[in-house]
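Reader: I would like to go through the labels used for this model and see what stands behind each of them. Please set each value against its cut-off.

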Amino acid sequence: MTTDTSTDVFEEHRPVLLGVAYRMLGRLADAEDVVQDAWLRWSGADRSAVREPRGYLVRVTTRLAIDRLRQIKSRGETYVGPWLPEPYVTDFGDTAPDTAEQAVLADTVSLAVLVVLESLSPLERAVFVLREAFGYPYAEIAAMLERGEAAVRQLAGRARKHVDERRPRYDVDPAQRRDLTERFLAAASGGDLAGLMSMLAPDVRLVGDSGGKSKAPLRVLESSDKVGRFLLGVAHQGIPDVTFRLLELNGGPALLVRSGGKPDSVVQVDVVDGRIQSMYIVRNPDKLVSLADIA
């Protein structure tokens, strides 16, 4: 395999590798670092012995991501306020050949699921991602992680149960989410506070991530009254030179809010029975850097 060919093979599988690493870490910069490390391993490997490049590269990427996740957890970093994953522009392209698989990929990269995955062990998270997002057989996951198949099945069962118990319920109909997001955008940009309030479920939750570097609630807000009062305060305070852009992030429609042409925040909602059940607002500037060049 020539250098050019080996590069082409790696680039062909880069979207999948980044998808694995991002789901493992929830941080785009860390995921890109892991994929770069995987490239270094690939470029220095004896590729003549590699019969299935994709499997080899996913195995290397998964192990590197497990190591990175263990390092992050061992540092015991204290995060100011609620934590949300870094927003990730999702374009599944050729990695999702049909609508059903697109729905699975979108679900496993959603903010709600990634928040729950943060509480799994690195091995549980790896098994969940490989099995649920990418459909790898248990035997193949066991070989990737150098574990017995029975142990991998136990890890998968624990992870699946944990995710099912803890993630918020929401409707996955993309058309409904997009419609409600567009209505939210229209109400927000038009100052229609009554319209905003009418979209909120009575037990709506608002999770704001600032990392202590910008203004956002330091606790999760629950109930339409508290969330409504927060939105009212934001409306009264205003955002200078504000513009909105609707785009797809983490498998669903989201609002990119700019102030003076620079990313100010990302807003995404989950929908239940036609009303907003959860609202996620990312305002940590470190997590918005990758969105600065979006037209």
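Predicted model: local features only at pLDDT ≥ 70, side-chain atom pairs only at ≥ 80, totals over all residues.

Reader: What makes strand S1 (residues 200-209) largely enclosed by the rest of the structure?

Author: Seven of its 10 residues are buried, so S1 is described as largely enclosed. Buried here stands for under 20% relative accessible area.

Reader: How do you know that S1 and strand S6 (residues 275-282) pair, and in which sense do they run?

Author: Pairing requires at least two bridges between the strands. S1 and S6 are joined by six, and they run parallel. Within this pairing, aspartate 209 stands opposite valine 282 of S6.

Reader: What makes S1 and strand S2 (residues 221-222) a pair?

Author: They share two bridges, in the antiparallel sense, and the requirement is at least two. Arginine 205 has glutamate 222 in S2 as its bridge partner.

Reader: How many aromatic pairs does a search of the whole structure find?

Author: The search finds three.

Reader: Why is the pair of phenylalanine 10 and tryptophan 39 called edge-to-face?

Author: The ring centres are 5.3 Å apart, and the limit for a pair is within 6.5 Å. The planes stand at 65°, and over 60 degrees counts as edge-to-face. Phenylalanine 10 belongs to helix H1 (residues 3-25) and tryptophan 39 to helix H2 (residues 28-43), so the pair ties together parts 29 residues apart in sequence.

Reader: Why does phenylalanine 10 count as buried?

Author: Its relative accessibility is 0%, and the cut-off is under 20%.

Reader: Why is the pair of tryptophan 42 and tyrosine 56 called tilted?

Author: Their planes are at 50° and their ring centres 5.7 Å apart, so the pair is tilted. Stacked would need under 30 degrees and edge-to-face over 60. This pair links helix H2, which holds tryptophan 42, to helix H3 (residues 53-75), which holds tyrosine 56, 14 residues apart. Both tryptophan 42 and tyrosine 56 are buried.

Reader: Which residues of helix H8 (residues 149-166) are buried, and why are they said to be on the same side of H8?

Author: They are Val152, Leu155, Ala156, Ala159, His162 and Val163. These residues cover an arc of only 135° around the axis, which puts them on the same side of H8. They pack against helix H5 (111-117), helix H6 (122-133) and helix H7 (138-145). The face turned away from the buried side carries Ala150, Gln154, Lys161 and Glu165, which are exposed.

Conventions: Residues numbered from 1 in each chain as written. Heavy atoms only, no water. Buried < 20%, exposed > 50% of the residue type's maximum accessible area, 1.4 Å probe, protein only. Helix = DSSP H or I, 4+ residues; strand = E, 2+ residues; numbered from the N terminus. Arc of directions from axis to C-beta. Contact = heavy atoms within 4.5 Å. Phe/Tyr/Trp six-rings, centres within 6.5 Å; stacked < 30°, edge-to-face > 60°.
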